[in-house]
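Good morning, and thank you for coming. I shall speak briefly about aromatic ring pairs and then about helix packing.

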Amino acid sequence: MDSLTQIVLGAAVGEAVLGKKVGNKAMLYGAIAGTIPDLDTIVGKFLDPLTAIEIHRGISHSIVFSIAMAPLLGWLVSKIHKKANANWKDWSWLFFWGLITHPLLDAHTTWGTQLFWPFDLRLAYQNIFVIDPLYTLPFLIFLILAMRLPRTSAKRKKYNWLGIIVSSSYMLVTLILKGVSYHKFTEALASQNIEYTAIDTRPAAFNTILWYANVDVGDAYLLGDYSFFDTKPIAFRFVPKDHQFLGNYKDTETVKRLEAIAQNWYTISRKDGNLYFNDLRFGAYDLEAKNLSFVFSYELIPTETGLTIKETKRDPEAMKQVLSSLWNRMWGN
């Protein structure tokens, strides 16, 4: 999830664990703990682009990391706040829950997280977009209400837990909505007599009203969208995989690593003599556009030793049109 959401979650968890003893310090250090796992993006800036993608939401989002870092951070903070009504174990417990709830939340997004690192298993439930105001804003409001009250106030505890309960309830609703949308997609495929080998669904940006599906039909994908306000049948757009464009690059280490990242949901496209690897897990900007452009697309650049990659830049002006199209599509066809 986005940084603000992780800060809010971390602060709320910190308050739940240690707020009664140390007041707003619990929120502060909970927020810090909720931010720490995403520092892998800073590390990635010193690495090659492909490795930076691979490590994102890797070790820093694992149970191992939470267990290892919590006592160290707890010890450090206990030395800083020697007079606080909390000991090393108290602070360590706060940091553990602040750290571990971060990847537990990220597991619900499309990118997912390697919670069980070093095992090669990425959890990605794909039931909420990385930024969802309906999850974050109510949570933030309750946290602010709690923050303004004395640490011994019963209302402070009540507001904090209301924020946790409301946000968790919304998360549960998104899982139900994912199940309903999945049924709608499979029902549409059946009614259109379409045979497929796999289907992948996820919510559109900033909401859980509009949902997208990638459908593997062999040498191509069908891309579709469904809004809970739709009145017309689901239509699918045919997109060839075009993996043959890779030619001799098919078996290179770079392509194999990209395939693992995309979990084999990808197409290859050619433009102006250049090859592009398009990660379909995050879909296209606008399924109605004449020429599809994908949210995550990487130019494959030949080198003396094989291939390197470069992420394609996003056009800010084009993004405005995409957001407008998304808003209109969300309210039905």
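Y135 and F139 are both buried. Please bear in mind throughout that this is a predicted model.

What is the arrangement of the rings of Y135 and F139? Their centres lie 6.0 Å apart and their planes stand at 85 degrees, so the pair is edge-to-face, the angle being over 60. Both residues belong to helix 7, which spans residues 133-147. Because Y135 and F139 are four residues apart in that helix, about one helical turn separates them.

A second pair is formed by Y226 and F228. Here the centre-to-centre distance is 5.4 Å, with 70 degrees between the planes, and this pair is likewise edge-to-face. As for accessibility, Y226 has a relative accessible area of 9% and is therefore buried, the limit being under 20%. F228, at 29%, is partly exposed.

How many aromatic pairs does a search of the whole structure find? The search returns 16. Ring pairs also join Y29, W91 and F95 into a cluster.

The crossing of helix 1 past helix 6 is right-handed. On the side of helix 1, the residues making this contact include T5, L9, V13, V17 and K21. On the side of helix 6, they include W91, W93, L94, W97 and H102. By class, this contact comprises 10 nonpolar, six polar and three charged residues.

Helix 1 also packs against helix 2, residues 24-35, and the axes of these two come within 6 Å. What is the crossing angle of helix 1 and helix 2? It is roughly 145 degrees, and this crossing is right-handed. From helix 1, the contact involves G10, A11, G14 and G19, among others. They meet residues of helix 2, among them A26, G30, A31 and G34. The class count for helix 1 with helix 2 is seven nonpolar, eight polar and two charged residues.

Methods:
Residues are numbered from 1 along each chain as its sequence is written. This is a predicted model: local features need pLDDT of at least 70, side-chain atom pairs count only at pLDDT 80 or more; totals for chains, interfaces and linings use all residues. Side-chain values use heavy atoms; hydrogens and water are left out. A crossing is left-handed if the near helix is turned anticlockwise from the far one by less than a right angle, and right-handed if clockwise. Contact means heavy atoms within 4.5 Å. Ala, Val, Leu, Ile, Met, Phe, Trp, Tyr, Cys and Pro count as nonpolar, Asp, Glu, Lys and Arg as charged, and the others, Gly among them, as polar. Rings of Phe, Tyr and Trp (its six-membered ring) pair if their centres lie within 6.5 Å; planes under 30 degrees apart count as stacked, over 60 as edge-to-face and the rest as tilted. Buried means under 20% relative accessible area, exposed over 50%, partly exposed in between (1.4 Å probe, protein chains only). Axes are lines fitted to C-alpha atoms, for helices over the stretch in contact, and angles run from 0 to 180 degrees between N-to-C directions.
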